[in-house]
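Thanks for asking me to look this one over. Here are my notes, as numbered points to read alongside the structure.

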Amino acid sequence: MELYVPIVVLAVLAAGFAVFSVSIAPFTGPKRWNRAKLDAYECGIEPTPQPVGGGRFPLKYMITAMLFIVFDIEIIFLYPWAVAFDKLGVFGLVEMMLFIVTVLVAYAYVWRRRGLDWD
């Protein structure tokens, strides 16, 4: 059990710091309230009124999000290849070049179709 003592102490310290930080913040921070800070979004742009049931997101937003996910997941496949690069040899190099070319072709297609423009 003595091996777990440092882990328990660290967990107690982390929890104590989190509780202390959250509880002391309202008393120590500056209080400069204005209409912009009380709004739901504090990004510098006045929010536009939304319908009661919520608004529909533009299709362009969803396509951009899906493209980000697709390219992000494809890049994740590069990490195992980089770790096992020495063991894979020429076969691994050729396969990864084919993979990268496929990703670049998809990227060029999306770019050509103006799928990355945010108008």
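**Notes on the helix packing and its surroundings**

1. Let's begin with a helix pair. Helix H3 (residues 59–76) packs with helix H5 (residues 85–112) at an angle of about 165°, and their axes are 11 Å apart. Please keep in mind that this is a predicted model. Angles over 145 degrees count as roughly antiparallel, and H3 and H5 are therefore roughly antiparallel to each other. Their crossing is left-handed.

2. Which residues make the contact between H3 and H5? From H3 come Leu67, Phe71 and Glu74, while H5 contributes Phe99, Val103, Ala106, Tyr107 and Val110. Sorted by class, the contact of H3 with H5 has seven nonpolar residues, no polar ones and one charged residue.

3. Glutamate 74 deserves a look of its own. This residue lies in helix H3, and, leaving aside neighbours within four places in sequence, glutamate 74 is in contact with Phe99 and Val103. The C-alpha atoms of glutamate 74 and phenylalanine 99 are separated by 8.9 Å, with the two residues 25 apart along the chain.

4. Now to the aromatic rings. Searching the whole structure turns up four aromatic pairs. One of them joins phenylalanine 77 and phenylalanine 99: the ring centres are 6.2 Å apart and the planes stand at 85°, so the pair is edge-to-face. Phenylalanine 77 sits in the loop between H3 and helix H4 (78–83) and phenylalanine 99 in helix H5, so this pair ties together parts that are 22 residues apart in sequence.

5. Is phenylalanine 99 buried, partly exposed or exposed? With 24% relative accessibility, phenylalanine 99 counts as partly exposed, since the buried class needs a value under 20%.

6. There is also an aromatic cluster to find on your screen: Phe71, Tyr107 and Trp111 form one together. Two of its members, Phe71 of H3 and Tyr107 of H5, also take part in the helix contact described above.

7. Phenylalanine 68 is another residue of helix H3. At 56% relative accessibility, phenylalanine 68 counts as exposed, because the cut-off for that class is over 50%. The C-alpha atoms of phenylalanine 68 and leucine 116 are separated by 9.8 Å, although these residues are 48 apart along the chain.

8. Finally, the overall picture. How much of the chain is buried? Of the 119 residues in the protein chain, 8% are buried. As for contacts between residues at least 6 apart in sequence, 48% join residues at least 24 apart.

Note on methods:
Residues numbered from 1 in each chain as written. Predicted model: local features only at pLDDT ≥ 70, side-chain atom pairs only at ≥ 80, totals over all residues. Heavy atoms only, no water. Axes fitted to C-alpha atoms, helices over the stretch in contact; angles between N-to-C directions. Helix = DSSP H or I, 4+ residues; strand = E, 2+ residues; numbered from the N terminus. Parallel < 35°, antiparallel > 145°, perpendicular 65-115°, else oblique. Left-handed = near helix turned anticlockwise from the far one by under 90°. Contact = heavy atoms within 4.5 Å. Nonpolar A, V, L, I, M, F, W, Y, C, P; charged D, E, K, R; others polar. Phe/Tyr/Trp six-rings, centres within 6.5 Å; stacked < 30°, edge-to-face > 60°. Buried < 20%, exposed > 50% of the residue type's maximum accessible area, 1.4 Å probe, protein only.
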